[in-house]
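Please look over the fold first, then a few helices and single residues. The report below goes through them in turn.

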Amino acid sequence: PYCRGEIGPLDPGDGEADRIDLSAQRERCSLAAVEGDALYAALAAAGVDYGPSFRAVRRVRIGTTEALAEIVLPTAAEDRAFALSPMLLDAALHAAAPLMARRSPSAGAMLACGVDRVDVYSPCGGSAWAVVREAPAGQGLRRLDVDICDAQGDISVRIRGYTLRLLESDALAAAQDAQNDADKATAAPTAHLLAPTWCALE
């Protein structure tokens, strides 16, 4: 697997990021709401079980073609060394799950396969809001635009054209079989040359 792209500073012509009106966004995302615990329980049931540090979504509000998620990183996951924490970025994408499930209940499994552009305007703190919007996509694809902002609505990160591919049942079954074969190949042998012995330390 590999990826290809360009990394560099924003061009002067790109200007500053817009500010999101979170009050108006809440009104547009009022069709349904999913609590974080329910979101991660549903993902675990689908075979994607996130550890505690990656369960950062508190609540997702869902609209017609967009969603608004409140994100709060667990204390252990906060790392000021990152301008954009990997856990926070991942959590922002989690908000897409209930949005797409509501619009396409039978869509099945999806695999991320590309992104057009990611602009980082400022460092993200331990809490943020993420606005996820569906964008036009081709057959068998889903495309999302994501804005991550602070409590005042100032955008820190803008993602455009995050693309997922719908997996056909045959492809998914083949991937699961391949993973099962890999697990068997790397499984620990049943026989041991050494026997573990435990002793109490004084």
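## Ser156 and its partners

The side chains of S156 and S122 are joined by a polar contact of 3.3 Å. This is a predicted model. S156 sits in strand β8, which spans residues 155-166. Its relative accessible area is 6%, so S156 is buried; the cut-off for buried is under 20%.

Which residues does S156 contact, leaving aside its neighbours within four places in sequence? They are D119, V120, Y121, S122, P123, C124, I148 and C149.

## Overall fold

The chain contains five helices and eight strands. Along the sequence they follow the pattern α-β-α-β-β-α-α-β-β-β-β-β-α. Of the 202 residues in the chain, 29% are buried.

Residues 24 or more positions apart account for 67% of them.

## Ala83, a loop residue

A83 lies in the loop between β3 (66-72) and α3. Is A83 buried, exposed or partly exposed? Its relative accessibility is 39%, so A83 counts as partly exposed. The class runs between the 20% limit for buried and the 50% limit for exposed.

Not counting residues up to four places away in sequence, A83 touches S122, P123 and C124. The C-alpha atoms of A83 and P123 are 4.2 Å apart, although 40 residues separate the two along the chain.

## Helix α2

Helix α2 covers residues 36-45, and its buried residues are G36, L39, Y40 and L43. Viewed down the axis of α2, these buried residues fall within an arc of 90°, so they line one face of the helix. Exposed residues D37 and A45 are on the face turned away from the buried side.

What does the buried side of α2 pack against? The partners of its buried residues are β1 (32-35), β2 (57-62), α3 and α4. Just after α2, G47 has a positive phi of about 100°.

## Helix α3

At the start of α3, a side-chain oxygen of S85 comes to within 3.2 Å of the backbone nitrogen of M87. M87 is one of the buried residues of α3; the others are L88, A91, A92 and H94. These residues cover an arc of only 150° around the axis, so they lie on the same side of α3.

The buried residues of α3 have both helices and strands as packing partners. The helices are α2 and α4. The strands are β2, β3, β6 (127-135) and β7 (141-149).

## Where α3 meets α4

How do α3 and α4 lie against each other? The axes of α3 (residues 86-94) and α4 (residues 96-103) come within 5 Å and cross at roughly 15°. That makes α3 roughly parallel to α4, because angles under 35 degrees fall in that class.

From α3, the contact uses A92, L93 and H94. From α4, it uses A96, A97 and P98. By type, the residues of this contact are five nonpolar, one polar and no charged. A92 and H94 are also among the buried residues of α3.

## Thr163 in strand β8

T163 is in strand β8, the strand that also holds S156. T163 has 9% relative accessibility, so it counts as buried. A polar atom of the T163 side chain lies 3.0 Å from the backbone oxygen of G161.

Which residues does T163 touch, not counting those up to four places away in sequence? The list is L111, A112, C113, G114, L141, R142 and R143. T163 and A112 are 51 residues apart in sequence, yet their C-alpha atoms are 5.9 Å apart in space.

## Arg58 in strand β2

R58 is in strand β2, one of the elements that the buried residues of α2 pack against. Leaving aside neighbours within four places in sequence, R58 is in contact with E35, G36, E70 and V72. G36 is also one of the buried residues of α2.

R58 and V72 are 14 residues apart in sequence. Their C-alpha atoms are 6.8 Å apart in space.

Terms used. Residues numbered from 1 in each chain as written. Predicted model: local features only at pLDDT ≥ 70, side-chain atom pairs only at ≥ 80, totals over all residues. Heavy atoms only, no water. Axes fitted to C-alpha atoms, helices over the stretch in contact; angles between N-to-C directions. Helix = DSSP H or I, 4+ residues; strand = E, 2+ residues; numbered from the N terminus. Parallel < 35°, antiparallel > 145°, perpendicular 65-115°, else oblique. Contact = heavy atoms within 4.5 Å. Nonpolar A, V, L, I, M, F, W, Y, C, P; charged D, E, K, R; others polar. Buried < 20%, exposed > 50% of the residue type's maximum accessible area, 1.4 Å probe, protein only. Arc of directions from axis to C-beta. Polar contact = N/O pair within 3.5 Å; in protein donor to acceptor, adjacent residues only side chain to side chain.
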